[in-house]
Every structure is written in C-alpha cells, then in structure tokens.
Amino acid sequence: MQDKILLGFLMDGPKTGYEIKKHMEHSTDFFYNTSPGSIYPAFQKLEKEGMVVMDQSVEGGRLKNRYSITPIGKKAFNKWMGKKPALSKIRDEALLKIFFYSHFDREKRRDQMDKYRVDILGRVAELKELKKQLKKVENNPFKLKTLDFGIEYYSFLNEWIGRFAENLK
C-alpha cells in the first residue's frame, strides 16, 4: 500500500520524500501512514519498476532527491484506484484491552477509559484545526471529506467509550 500512497502524492506533482512525509502528517496520517525510514526504499523499488524517476538538485547547499511519477506509475495508480477498496479489519488496542477487562481492576478500567477519552478528544480537536487550516489552502473536497470522516469517527469512539465506561462493573 505504501507504493500507492507515494504514487498518489506524486499525482499532484514532483516531491521529495521529506515533502511527502510532511504532506502525510497533515492529511493521511490519521488513517494511513508510513514510516519515514520506509519511504526511500519504497521509492527505490518504484524507480526500478519504472513508476517514478528521480532528479537531483542542490538547494541551500543540500542535495535534494525529487521524485516524479512516470506514465507507467500513473497507469499503475489509476489501475489501483479503479479497483473496489478491500474491507479493512478493525485493529484497535483499546478494543483489545476491553475484551480482556475481566482480568483488570474496576477502578483501573474506569481510569484508563477516562484518560483514553482525553486522548480521543485531543485528536478530534487536532483534526478540526487541521481541517480549518487546510480549507485555507486546499480546494479538494475529497481530501477535506477524509478529515470529516476522522472527526466523526473519533467523536463516535468518544461517545461509545463514554457509554461503555458508564456501565463498567
């Protein structure tokens, strides 16, 4: 999937690995991310497959590797986009802990869920602020809608955990 993320960001124009990581931090990171250390090996693989090309330039006395998508890369990206998305499994540590809560002290459960909700509300505020900032520079409704999803998802999670915490025994 990492190759698709990289190709998708390059569909908007050439970028360095650093620029892509920064774009991810302000867009896809809350629902799909990749580690900075894996970006460059992925670019090398894409380059070998003919999906990207790299240009080197010196900017501010530093060597910059800027990647561009090729027609082969665009074709591969569009082929992937044309396929129905796979249904993802939920992978949530909080749910895993809840599953095993019968083995954990009642007061500790409640305290843990209260602290978790604080983190959730922090994420909601973060996404709302990100949306506000992106609206100033981004006119792509699809990218903004993914932020709406995140805001609604974490708001639902907060409400669900709240109801759950109220009924902890």
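Buried means under 20% relative accessible area, exposed means over 50%, and partly exposed lies in between (1.4 Å probe, protein chains only). The model shown here is predicted, so local features need pLDDT of at least 70 and side-chain atom pairs count only at pLDDT 80 or more, while totals for chains, interfaces and linings use all residues. Residues are numbered from 1 along each chain as its sequence is written, and side-chain values use heavy atoms, with hydrogens and water left out.

**View 1. Phenylalanine 43 and tyrosine 67 form a stacked pair.**
Welcome to the aromatic rings. Rings of Phe, Tyr and Trp (its six-membered ring) pair if their centres lie within 6.5 Å; planes under 30 degrees apart count as stacked, over 60 as edge-to-face and the rest as tilted. By this rule there are eight aromatic pairs. In the pair shown, the ring centres of phenylalanine 43 and tyrosine 67 are 3.8 Å apart and the planes meet at 5°, so the two are stacked. Phenylalanine 43 sits in helix 3 (residues 36-48) and tyrosine 67 in strand 3 (residues 62-69), so the pair ties together parts that are 24 residues apart in sequence. Helices (H or I, at least four residues) and strands (E, at least two) are DSSP runs, numbered from the N terminus. Phenylalanine 43 is buried, at 0% relative accessible area, and tyrosine 67 is buried too, at 4%.

**View 2. Strand 2 and strand 3 form a hairpin.**
Two strands pair if DSSP finds at least two bridges between them. Strand 2 (residues 52-59) pairs with strand 3 in the antiparallel sense, over eight bridges. Within this pairing, serine 57 stands opposite lysine 64 in strand 3. Two residues lie between the strands, and glycine 60 in the turn has a positive phi of about 60°.

**View 3. A salt bridge joins aspartate 12 to lysine 143.**
A salt bridge is a side-chain nitrogen of Lys or Arg within 4 Å of a carboxyl oxygen of Asp or Glu. The count comes to 13 salt bridges by this rule. Between aspartate 12 and lysine 143, the closest N and O atoms are 2.9 Å apart. Aspartate 12 belongs to the loop between helix 1 (2-10) and strand 1 (15-16), whereas lysine 143 is in helix 7 (residues 141-166), so this pair links distant parts of the chain, 131 residues apart. Aspartate 12 is exposed at 53% relative accessibility, and lysine 143 is partly exposed at 34%.

Arginine 123 is partly exposed at 30% relative accessibility, as is glutamate 126 at 48%.

**View 4. Tryptophan 160 belongs to an aromatic cluster and to a nonpolar surface patch.**
This residue lies in helix 7 and is partly exposed, at 30% relative accessibility. Tyr101, Phe104, Trp160 and Phe164 form one aromatic cluster. Ile90, Leu95, Phe156 and Trp160 make a nonpolar surface patch of about 410 Å². Patches are made of residues with over 30% relative accessible area and no salt bridge: like charges are joined within 9 Å, and nonpolar side chains (Val, Leu, Ile, Met, Phe, Trp, Tyr) within 5 Å. Accessible areas come from the Shrake-Rupley method with a 1.4 Å probe; for residues, only the protein chains shown count as cover.
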